[in-house]
Amino acid sequence: LELRAAREMRTRHPSTRVAWVLEARALAALRDSSALETALEQAATLDPDVYWSYGGMLVTAGEEFAAHGDTLSGLRYAARALTWLRGRLAVNPDDTDHLYWMASAQHLRGDIAGERQTLERLVRLDARSSYRESVALAMELSGTIGALAQLPEPPPYDRGGRLETEARLAAARGDRRTRDARLQEMSRVGFRSRPWMHGKAWREFGPVPRR
């Protein structure tokens, strides 16, 4: 259903780049590497300097492979994403979209120290709360206890991102009770990025159970 919807979106709105990423995500979840490579080949010629870029497609595909139990393929796509993103950042070192995907690829590969460096650079360019929370999570995961607690409390209408970060940290530490409590609260307050969480947080939560 997701693949069909993504392809329909791309047909109806060919300039909407997120449709390419959604298609890559669905194909990776299905482990259809052949169709995924065809989509990537087609996307490689599109405008590179957008948020939903070719690099974003590679990272998303890698996260989805890893989240569905194929860690090796996930790491391979992360490596390809890093090569592409470094090339784009060599042209424009301050491109915040590419820096975000770079940090995501580094997390996918388990390079938490590199992720933290990239995120800290990103925060210097764009100090939005979600980036600061990502830095704090990287710090906590690399041993800096209390980094998340030092951040100011988010406003009530924007609690979802903080709850996700706390749930990921609890999961990484094996604290299932706190993890589940934060996820339940996230469901109550709403969080628009939740459909992406199983991919970007697969290292903390583990692979998606097969049905």
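The charged end of Arg25 lies over the ring of Trp196, at 4.3 Å from its centre. This is a predicted model. Trp196 also belongs to an aromatic cluster, together with Tyr51, Trp52, Tyr100, Trp101 and Tyr131. Tyr131 is in turn one of the buried residues of helix α8.

Charges over rings
- Besides Arg25 over Trp196, Arg10 sits over the face of Trp20, 3.8 Å from the ring centre.

Aromatic pairs
- With ring centres within 6.5 Å as the criterion, the count is 9 aromatic pairs.
- Phe65 and Tyr77 make a stacked pair, with 5.4 Å from centre to centre and 10° between the planes.
- This pair joins distant parts of the chain, 12 residues apart: Phe65 belongs to helix α4 (residues 54-67) and Tyr77 to helix α5 (residues 71-91).
- Phe65 and Tyr77 are both buried.

Helix α8
- Helix α8 covers residues 129-141, and its end C-alpha atoms are 18 Å apart.
- That agrees with expectation, because 13 residues at 1.5 Å a residue should span 18 Å.
- The buried residues in α8 are Tyr131, Glu133, Val135, Ala136, Leu137, Ala138, Met139 and Glu140.
- Among the elements that cover these buried residues are α6 (96-109), α7 (112-125) and α9 (160-172).
- After α8 comes Gly143, which has a positive phi, near 110°.

Note on methods: Residues numbered from 1 in each chain as written. Predicted model: local features only at pLDDT ≥ 70, side-chain atom pairs only at ≥ 80, totals over all residues. Heavy atoms only, no water. Helix = DSSP H or I, 4+ residues; strand = E, 2+ residues; numbered from the N terminus. Expected span 1.5 Å × (residues − 1). Buried < 20%, exposed > 50% of the residue type's maximum accessible area, 1.4 Å probe, protein only. Contact = heavy atoms within 4.5 Å. Phe/Tyr/Trp six-rings, centres within 6.5 Å; stacked < 30°, edge-to-face > 60°. Lys NZ or Arg CZ within 6 Å of the ring centre and 35° of its normal.
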